[in-house]
Amino acid sequence: MKAMELKKLSLEELKEKLAEERDALLKLKMAHAIAPIENPMRLREARKVVARIQTVIRQKELGK
């Protein structure tokens, strides 16, 4: 998900999206710990999505 798409969401929607993405990241980490996942780059991308959402949330909280 791109940052521009995230900026259009409300703060409440962003927090819900963050919870969903964190759960997805946790599941990916667990799956990778048990048996290596086919594409380990998915872990990196999932972390980046979580970071993007956190950044947009912080920007909205600061009023930017």
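Here is a short chat about the helices and charges of this predicted model.

Visitor: How many helices and strands does the chain have?
Guide: First, some ground rules: residues are numbered from 1 along each chain as its sequence is written, and side-chain values use heavy atoms, with hydrogens and water left out. As this is a predicted model, local features need pLDDT of at least 70 and side-chain atom pairs count only at pLDDT 80 or more, while totals for chains, interfaces and linings use all residues. Helices (H or I, at least four residues) and strands (E, at least two) are DSSP runs, numbered from the N terminus. From that end the elements run α-α-α, and the tally is 3 helices and 0 strands.

Visitor: What share of the 64 residues counts as buried?
Guide: Buried means under 20% relative accessible area, exposed over 50%, and partly exposed in between (1.4 Å probe, protein chains only). The C-alpha atoms fill a box of roughly 45 × 15 × 15 Å along the principal axes. Of the 64 residues, the buried share is 22%.

Visitor: How many salt bridges are there?
Guide: Side chains of opposite charge can pair when their charged atoms come close. Here the rule is a side-chain nitrogen of Lys or Arg within 4 Å of a carboxyl oxygen of Asp or Glu. By that rule, the count is 3.

Visitor: Which residue meets Arg58 in a salt bridge?
Guide: Both partners lie in helix H3 (residues 41-62), 3 residues apart, about one turn of the helix. The N to O distance is 3.7 Å. Arg58 has 47% relative accessibility, so Arg58 counts as partly exposed. The partner is Glu61.

Visitor: And is Glu45 buried or partly exposed?
Guide: The side chain of Glu45 meets Arg52 in a salt bridge at 3.8 Å, N to O. Arg52 has a relative accessible area of 29%, so Arg52 is partly exposed. Glu45 comes in at 41%, and therefore counts as partly exposed.

Visitor: How far apart are the mean positions of the positive and negative charges?
Guide: Lys and Arg count as positive, Asp and Glu as negative, with His and the chain ends not counted. Each charge is placed at NZ of Lys, CZ of Arg, CG of Asp or CD of Glu. With 16 positive and 10 negative charges, the mean positions are apart by 8 Å.
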